[in-house]
Amino acid sequence: MSLVDDARKVRHNAYAPYSRFKVGVAIRSTSGNVFVGVNVENAAYPEGTCAEAGAIAAMIAAGDTRIAEIAVIADCPRPVPPCGGCRQKLSEFGARDVKVTLATTDGIVEQTSIGALLPGGFDAADMEKA
Ligand code: THU
C-alpha cells in the first residue's frame, strides 16, 4: 500500500465536526515505519491539531525521529497545502529534499518537498549565536 493509500484510509477517522474538513496524513520514517495522523478539532477552535502534527507525534512517541516521506490527503479542490505551522513542524523532522505528496480524494496528486514548502525557513542553526 502506498503512503497516499495509508493517508486516504486513516482520513476517515479524522475528528472534524466544526470545519467538516477531514485530513489524513501518512509519514514513512527513515527507519521504514509508517505513522498516520488525522486532524482533531475542539470546540475551543484554536485547540485543534492538524493531521501532520498527529502523525509527527506518533512518530516521535514510537522513538523514530526523521521523516523519509510524507503524504497528505483531503477532499479539496486542489491538493491540500499544509498550513504554515505544519510546514515549520515538518522542517524540524525532515530534510529539505524529503518528498511530500499532496493529494485530493478525487485523485489529483502533486509532488513537492519539505524545502519547497518552506523556503528560507527558520531552523536550529539560526540560534547558534544565542
Ligand atoms: N488541516 C490539517 O489537518 N492539515 C492541513 O494540511 C490543512 C488543514 C486541518 C485543520 C482543521 O482541522 C481543518 O483542516 C480546517 O482548517
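Is Cys-83 buried, partly exposed or exposed? Cys-83 is partly exposed, at a relative accessible area of 36%. The views below come from a predicted model, in which local features need pLDDT of at least 70, side-chain atom pairs count only at pLDDT 80 or more, and totals for chains, interfaces and linings use all residues. Residues are numbered from 1 along each chain as its sequence is written, and side-chain values use heavy atoms, with hydrogens and water left out.

View 1. The ligand sits in the largest pocket. A pocket is found on a 1 Å grid over the protein atoms alone, as an open set of points where a 1.4 Å probe fits, with protein on both sides within 12 Å along at least five of seven lines. A molecule sits in a pocket if more than half of its atoms lie within 2 Å of its grid points. The residues around the ligand are Ser-19, Phe-21, Val-23, Asn-39, Glu-41, Cys-50, Ala-51, Glu-52, Val-80, Pro-82 and Cys-83. By class, the shell holds 7 nonpolar, 2 polar and 2 charged residues. Here Ala, Val, Leu, Ile, Met, Phe, Trp, Tyr, Cys and Pro count as nonpolar, Asp, Glu, Lys and Arg as charged, and the others, Gly among them, as polar.

View 2. An N or O atom in the Glu-52 side chain lies 2.6 Å from a ligand oxygen. A polar backbone atom of Ala-51 is 2.8 Å from an oxygen atom of the ligand. For Asn-39, a polar side-chain atom is 3.0 Å from a ligand oxygen. On its own the ligand has 380 Å² of accessible area, and the protein covers 77% of this. Accessible areas come from the Shrake-Rupley method with a 1.4 Å probe; for residues, only the protein chains shown count as cover.

**View 3. Asn-39 in its loop.** Asn-39 lies between β2 (34-38) and α2 (51-61). Helices (H or I, at least four residues) and strands (E, at least two) are DSSP runs, numbered from the N terminus. Asn-39 counts as buried because its relative accessibility is 6%. Buried means under 20% relative accessible area, exposed over 50%, and partly exposed in between (1.4 Å probe, protein chains only). A polar atom of the Asn-39 side chain lies 2.8 Å from the backbone oxygen of Phe-21.

**View 4. Arg-20 and its backbone angle.** Arg-20 is in the loop between α1 (3-11) and β1 (23-29). Its phi is near 60 degrees, a positive value in a residue other than glycine. Most residues other than glycine have a negative phi. Arg-20 is exposed, with 71% relative accessible area.

**View 5. The loop between β3 and α3.** Cys-83 lies in this loop, between β3 (67-74) and α3 (84-93). Cys-83 and Leu-117 are 34 residues apart in sequence, yet their C-alpha atoms are 9.7 Å apart. Pro-81 is in the loop between β3 and α3 too. Pro-81 is partly exposed, at 30% relative accessibility. From Pro-81 to Leu-102 the C-alpha distance is 7.2 Å, across 21 residues of sequence.

**View 6. Phe-122 after α4.** Phe-122 is in the segment after α4 (114-117). Phe-122 is partly exposed, at 46% relative accessibility.

Terms used
Near = heavy atom within 4 Å. Polar contact = N/O pair within 3.5 Å; in protein donor to acceptor, adjacent residues only side chain to side chain. 1 Å grid on protein atoms, 1.4 Å probe; cavity = no way out; pocket = protein on both sides within 12 Å on 5 of 7 lines; lining within 4 Å.
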